Amino acid sequence: MTVLLSDPRVAAVPVHDAAEPLVRLDADFGPARAWVRRGLAERLAAARDALPADLRLRVVEGHRPVRQQRSIIAAYSTELRRLHPGLPDAELHRLTSRFVSPVEVAPHVAAAAVDLTLVDPEGAELDMGTPIDATPEQSGGACYFAAAGIDTDTRARRELMAKVLSGAGLVNYPTEWWHWSYGDRYWALMTGAPAALYGPVLAEPAG
């Protein structure tokens with residue numbers, strides 16, 4: 001059964017923040033030059049080095065400011081309200097959290113998560129079944145990592161990415177094939193760690 005970020009068990013995980021600084025990923029991870037915690041950056045480098053020589057990881061997003069997270073939540077919640085008029089608030093919260101994390105446990109807000117994909121040596125993105133950030137409604141559920149109905153080559157690419165990322169210590173949020181994290185509350189719950197390593201980053205990085 002998929003554990004959503006709205007699950008009370010996620011919020012119940014304590015945070016013992018390691019006070020690690022944010023670092024900016026180098027250009028080898030793509031032009032976004034995303035900000036992430038240092039420990040996550042080190043693990044992404046290990047995952048990159050474990051890929052076949054003709055593939056690279058492209059990170060399109062890392063740290064996300066609180067204000068941006070709240071804006072994304074509001075926009076997606078509004079879309080779901082339109083699609084499901086009269087939906088009870090608790091169910092709306094659950095459906096929203098399939099795709100957008102509540103602020104208090106959001107891995108991106110903690111600089112503990114990245115959205116990423118695979119690219120070839122020329123930097124062209126490989127077909128992973130959906131674009132990054134395709135919602136369950138837009139993709140017919142194909143955004144789920146283990147979605148049925150995606151072709152064999154696409155599944156192989158997802159599994160390759162999972163192999164190197166999980167091998168480096170990251171965990172996937174299973175409703176989004178592109179979302180991987182390390183050190184946040186969701187990671188702690190999924191790995192059995194006693195506490196999260198990273199809490200929310202409230203100051204936006206400079207530069």
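1. Ala-146 counts as exposed, at 62% relative accessibility, where exposed means over 50% relative accessible area, buried under 20% and partly exposed in between, with a 1.4 Å probe and protein chains only. The place of Ala-146 is the loop between helix 5 and helix 6, helices being DSSP runs of H or I with at least four residues and strands being DSSP runs of E with at least two, numbered from the N terminus. Between the C-alpha atoms of Ala-146 and Gly-169, which are 23 residues apart along the chain, the separation is 19 Å. The model discussed here is a predicted one, in which local features need pLDDT of at least 70 and side-chain atom pairs count only at pLDDT 80 or more, while totals for chains, interfaces and linings use all residues. Residues are numbered from 1 along each chain as its sequence is written, and side-chain values use heavy atoms, with hydrogens and water left out.

2. Ala-147 also belongs to the loop between helix 5 (136–139) and helix 6 (152–167), but Ala-147 is buried, with a relative accessible area of 8%. Not counting residues up to four places away in sequence, Ala-147 touches Gly-141, Ala-142, Arg-155 and Arg-158, a contact being heavy atoms within 4.5 Å. Ala-147 and Arg-58 lie 89 residues apart in sequence, and their C-alpha atoms are 22 Å apart in space.

3. On the chain as a whole, there are seven helices and six strands, and the pattern read along the sequence is α-β-β-α-β-α-α-β-α-α-β-β-α. The radius of gyration of the protein chain is 16 Å, close to the 17 Å that the globule rule gives for 207 residues, so the chain is as compact as a globular protein of that length; the radius is taken over C-alpha atoms, and the rule is 2.2 Å times the number of residues to the power 0.38. The C-alpha trace spans about 50 × 40 × 35 Å along its principal axes. Of the 207 residues in the protein chain, 50% are buried, and among contacts between residues at least 6 apart in sequence, 65% join residues at least 24 apart.

4. Leu-57 sits in strand 3 (residues 56–61) and is buried, with a relative accessible area of 1%. Once its neighbours within four places in sequence are left aside, the residues in contact with Leu-57 include Asp-28, Phe-29, Leu-44, Ala-47, Arg-48 and Leu-51, and also among them are Leu-116, Thr-117, Leu-118, Met-161 and Leu-165. Leu-57 and Tyr-144 are 87 residues apart in sequence and 19 Å apart in space, C-alpha to C-alpha.

5. The packing of helix 3 and helix 4 deserves a separate point. Helix 4 (residues 89–97) has Leu-92, Leu-95, Thr-96 and Ser-97 as its buried residues, and what covers these buried residues includes helix 3 (66–83). The axes of helix 3 and helix 4 come within 10 Å and cross at roughly 120°, the axes being lines fitted to C-alpha atoms over the stretch in contact and the angles running from 0 to 180 degrees between N-to-C directions. The two helices are therefore oblique to each other, since angles under 35 degrees count as roughly parallel, over 145 as roughly antiparallel, 65 to 115 as roughly perpendicular and the rest as oblique. The contact is made by Ile-73, Tyr-76, Ser-77, Leu-80 and Arg-81 of helix 3 and by Asp-89, Leu-92, Leu-95 and Thr-96 of helix 4.

6. Ala-74 lies in helix 3 and, at 43% relative accessibility, counts as partly exposed. The C-alpha atoms of Ala-74 and Thr-96 are separated by 9.2 Å, the two residues being 22 apart along the chain.

7. Most residues other than glycine have a negative phi. Ala-19, although not a glycine, has a positive phi of about 55°; Ala-19 lies in the loop between helix 1 (8–11) and strand 1 (22–24) and counts as exposed at 63% relative accessibility. Ala-111, likewise not a glycine, has a positive phi of about 60°; Ala-111 is found in the loop between helix 4 and strand 4 (113–119), and Ala-111 is buried, with a relative accessible area of 0%.
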